[in-house]
Amino acid sequence: MKGIPMTTRDDMNIVRSRLESWEAEARSGQGPVLVQPPMPRLAEDLDIRELISAGGLAGDRLDGFLETYLAASHRIPHPHGMGHQVACPHPSAVLGGYVDVFTNNPMAIYEMGPAAATVEYAVINWMLEKVGWKPRPWPDRPAEGAEGEGCGGGVLTHGGSLAQLTALAAARAHADPEAWENGAYPDLVVVSPPDAHYSVSRALGILGIGQKALVSAPCDDWGRILPRQLGRLLEELKGQGRRIMAVTANAGCTAAGLHDDFHAVADVCERHGVWLHVDGAHGASALLSPRLRHLLDGVERADSLIWDAHKMMRTPGLCAAVLFRDGQHLDGAFRQQASYLFHEKEQVGFDAIAHTVECTKAGLGVKFFFGLAAEGEKGLARYVEGRYALGAEVARLIATRPEYELAVEPEANIVCFRLKGLDDDAHLELRNRVLADGRYYITTTTFAGRRWLRLAIMNPETEVRHVERLLNLLPELAKDDT
Ligand SMILES: *Cc1c(COP(=O)(O)O)cnc(C)c1O
């Protein structure tokens, strides 16, 4: 560690020791998953103002700060944490993140981080192959005929929402090549299931297409697209003179983790010449598993796909991919003229900058790669299979308990259920009580017209016995009227 000042080295030991005990305590399942002190008190306890004005966050001061900071942090490694879809980071992925921030090589321009750029390029190619799309050739290879033709494309972004925006920007350029220069025309529409993640409608606002351009896709009671009715809707929209920019489908809808029938939706989109975008932020990781791949059958016929590594790939936030079957479309996302970048320029390497919202862009592929390379793809596949299997097991358990109602047979590691005899508002109140109690962290969602309690089982340490105890606790918390 030559070159690192001594103080830094001591502080590193302080940080490591605090994190180690925080993690060990959380993993043991002791103590709360979550405590939420009032913000002003926390700011005071952390001594934030004083530290900003006078400095001195080192040594004992650092130790004390971390004690308070970690006590008020959501304990991700705790097996009772079943709240939002946040990865429980793989230890090697954390180290990769450390290497990334330590080297601080923003790699959207190759010369600013050749190793990080190469890792990202390779990781994107691996993801393309998992989808069934053609990976890109190495850019520095002398052109070998049509090697780069028909290959996919993609880039890592700071989160799925940016990935979604990037995919829809490319779809807009495809539907309306003039939009980049002139702004979007008011006749564009995007057809999405009503349960689509809010980042879809937000992207339409940002892209200047407007949230009103979002048209609900006809869906069954569980929010899955009805392909035949979708075809009729597309015809109607065309009849009204609207231009259909994209249809979006879910590979793991946010509420309950259900998947659309991609072959059937792709049939309709192909017939109408419409861009198909798949939101696989949560569910695309099932592509790793031969056992679960069927959930994504047909996804290879989509035009674009987003896939969060910071959900089911055990990568710390943020790291998401936006992928394209035809890489040329990504070229069009941020400029009017799409042009092929491969083999065009003299300089070495590959600049991702033409493909991203970000200018300074972290080496996101590094932390992702470290976890992937430590486990190997089969190891990560086993993790995904294990969590999906636990989702199914928990659903079976809930189905045997007469006081509970299961929303739907889960397809992923997201389980929605409710206590019979309790209305929607009472479920919101129950969830508040769970949070105030602190021993468990769960969420609620509306799905199929009602409110449900929702578990997202992300942590590899969570077992069915942990959920069993939660199921015993909930009726008590619901009764407790103090
Ligand atoms: C989480 C999620 C998103 C948004 O991704 P972020 O990485 O949180 O920005 C989009 N779609 C679905 C289905 C998701 O689960």
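1. A residue counts as buried when its relative accessible area is under 20%, as exposed when over 50%, and as partly exposed in between (1.4 Å probe, protein chains only). By that criterion twelve of the 16 residues of helix α7 are buried, so α7 is largely enclosed by the rest of the structure.

2. The model is predicted: local features need pLDDT of at least 70, side-chain atom pairs count only at pLDDT 80 or more, and totals for chains, interfaces and linings use all residues. Residues are numbered from 1 along each chain as its sequence is written, and side-chain values use heavy atoms, with hydrogens and water left out.

3. The protein chain contains 16 helices and eleven strands (DSSP runs numbered from the N terminus; helices are H or I of at least four residues, strands E of at least two). Its radius of gyration, taken over C-alpha atoms, is 24 Å, close to the 23 Å that the globule rule (2.2 Å times the number of residues to the power 0.38) gives for 482 residues, so the chain is as compact as a globular protein of that length.

4. Of the 482 residues, 51% count as buried. Among contacts (heavy atoms within 4.5 Å) with a separation of 6 or more, 71% join residues 24 or more positions apart.
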